[in-house]
Amino acid sequence: MSDAVALDIDRYAHLESPVQRWDPRFKIATLAVLVLAIALLQTLPAAGLALVLAAFLLGLSNLPARFLTHGLGFVVVFLLPFFLVMPFSYPGAPAFELLGLPFAWEGLRLALLIFLKALAIVMISFTAFGSTRFDLSMLALQRLKCPSVVVQMLLFTYRYTFVFLGEMRRMYTSMRARGFVPGTNLATLRIYGHFVGTLLVRSFDRTDRVYKAMLSKGYRGELHSLVTFQAVPADYVKTAAGLVLAFLLLSADRAGLWVRAETGWF
Amino acid sequence: MHISEGILSAPVLTAGFAGTAVLAAGTMRRLDMEEIPKISVITSVFFVASLIKVPVGPASVHLILNGLVGIVLGWRAFPAIMLGIILQAIIFGHGGVTVIGVNTLMLGGGALVAYGVWQLRHRFHLRQRELVFGALAGAAGTISSGLVLALALVTTGEAFHAIAATVLAAHIPIMLIEAAVVGACAEFLQRIKPDVLAGQQLPRQRPVADSATPPSRE
Amino acid sequence: MSEERLHVSEGTETMIDVDQVWFTYPDGHEVLKGLSCRIRRGEKVALIGPNGAGKSTFMSHLNGVLLPTSGRVLIDGMEVNKSNLTAIRRKVGIVFQDPDDQLFCPTVFDDVAFGPLNLGLPREEIEARVREALAVVGLEGFEQRSSFHLSFGERKRLALATVLSYRPDILVFDEPSTNMDPLNRRNLINWLKASDKTILLCTHDLDIALEVCDRCLLLVDGRIAADGPAREILYDRRLLEENQLELPLALMTHELLHGILHEQEMDEEHRQIIGRFLHAHRHAHGPDGHVHVHLHAHDHDHSHLHEEVDERHFHEFEPHDHGEGDHRHVGIPHSHVRRDGAGRDTGGGGESSPRRGSRVD
């Protein structure tokens, strides 16, 4: 039904590295800017540089490579159709015909560009959130003016995801134990519908109990925390470096665009 | 279905964030304190349910269930889906951080459409009303999401027209799967615990909240 | 708060005063039907009753999560109403059955600090309270862990710590021992016995009730059906079975073995073994309530064992023991206890409420 998934994004947050030590507020803000800059890139060399930079950050953080396999796998699966469709559908004059279909280098270039950018962004995003304890990431978001109610709900949702994943696995095991075999048919879909319905009914009762427990402990709609962030000079240096790199990437990209307009390269 | 990083143009990404911000603010108006844990806990159910894979021949697809979120949470489906998308982007790298806006608009918008379809059921007198309208809502949720996605691709550039058509076509089998699952689920909930479904809340005792002003913290 | 206490004459002693509380859910389901009881400071009381009797609804009334449809609840002399919920919730800590309902924060520290943070206490005070509460449940050093990575037993203890950290005078437990392994259960029992707080234990685990509590309330169909010393109510087989409960396992084992000893043909060796067990058991659940199992029965002879095991536990199981002069306060007629419609229409509550136990009057 579902692969073994590791929900705790912060399972390597305890590792020691300059990325882990970076103040989460500065880290998230800086990497957000960097990610946006990468999303705007339009030339292959700049996108390649971005990927190198992302790999460097990831290496710096000591996060193991298998930590990213799931996320990168998603990118590959999602973007595979782009490689198959775009070279053959790019508007304008095709370079040659492949198996009777018009093939345009420009379409392949675009697909490759998207692929490089997507890999770079996913790597940076995993580095940012994988190197910080989840609750600290969320508190950092709150300090960065993300609405408190959204941050609260993210924290609660994350926490209860673990409860329901356990519940879902137990229910599924008991279904399998009673001889359920999923197939491509209406009966399977109907059973999945009832399965999700059962999960919902249980969660609905739980929402009431959780709220009562919160009220009993004096909840009034706010989630307080004693966590304080303390930026040190190194945080400012890392942030400055990150912003400079984002600027350089964008500049290289615009330069590349100009070169392409002049010479037709890239 | 999520769109991945790196594809959409800057104006489309920006429009995604702007649209999400507006719709989130609108659908979260007059949010009661009680709804904070409620939306969160139910969102976590949908989060884990979206990990369920349905076999389609030799391959398999994940359930989306945004239509079901719509018929369970009503207007609050939009913020719930936003939470789900943010967490999926952070935890799994599904979608990604720059496309949180577009993805929320796509799936959350679909959920709102599904809720609209679901509410139409009151005007009909059918024997299996919840099953039929659940299925319609499930289908509507999927296909409207597919349309938003196709629109985002088409807006990004002429080069993406073919891919947009491909993506839309891929939504048709998914739509059928979603319709079957959401229809069965709606019928089940109507039978077992109808107050889970939006738009027909039965009288319920609300726990008494402490309305005193909270102590201030510096 | 002192001025609020003034208008309750015996207020210093009574911690929980529930007076003719009726509660009906909006769907018309009437759950509490004129429930009354009083619990004094420092008492340890078991609240038992079949499923659906209203135990959870009753607990929710103790800290104002639900307010009575009619009647009133006083906590330490303060009437529970909308205006003093902050103070009430500070006094009454409820430990829920499923720890996952109560642990909603990202880290152990945040969960334990949640209550004190809502009270607006200063940082040092909060940190001290968290340390103290975690030490009580043996989870020192767990502060930065996530609650969802703890074992069930640890989560159950953590849920208690999250309540202890805001220092309530009254602790209410909902099924504290379910799914606990024997060691955790034993530690909990020892902690409960040693605690000087007012404790209300809502449970189906009658063994824990028997060991921890000096008094027992039997809640049936929204009313207190019996109120008296735990050692009397929990030994009353007929009363318990009429209410879909059964004797505590400890007593059942005892009774069963005793029956075997009396009725069955068996050789002397087996008789000796059972006799020893009963003797040990008697010591384990002796009148002082402490567990010290002595397995040194070998120097007693058989006839002596018979005397030893007989006198206390079993005369109460004889039928027709509920006469007027009985000190066990089984106040309601049997029609009340029936779960069918006929038992419910006994009317206005006033005259059908149970007699108060001598301990609270």
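This is a predicted model: local features need pLDDT of at least 70, side-chain atom pairs count only at pLDDT 80 or more; totals for chains, interfaces and linings use all residues.

I took helices (H or I, at least four residues) and strands (E, at least two) as DSSP runs, numbered from the N terminus. With that, I found nine helices and two strands in chain A. Reading from the N terminus, I noted the order α-α-α-α-β-β-α-α-α-α-α.

Residues are numbered from 1 along each chain as its sequence is written, and chains are lettered from A and ligands numbered from 1 in the order in which they are written.

Next I looked up the domains, whose bounds come from an automatic or database domain assignment. For chain A the assignment gives domain 1 (18–133 + 232–263) and domain 2 (148–216). I found their C-alpha centres 35 Å apart.

Then I turned to the contact between the chains, where two residues touch if their C-beta atoms, placed from the backbone, lie within 7 Å. Chain A puts in 72 residues and chain B 65 residues. On the side of chain A that touches chain B, helix 8 of chain A gives the most, with 20 residues. I sorted that side into 47 nonpolar, 19 polar and six charged residues, counting Ala, Val, Leu, Ile, Met, Phe, Trp, Tyr, Cys and Pro as nonpolar, Asp, Glu, Lys and Arg as charged, and the others, Gly among them, as polar.

Last entry: the C-alpha atoms of chain A fill a box of roughly 70 × 60 × 30 Å along the principal axes.
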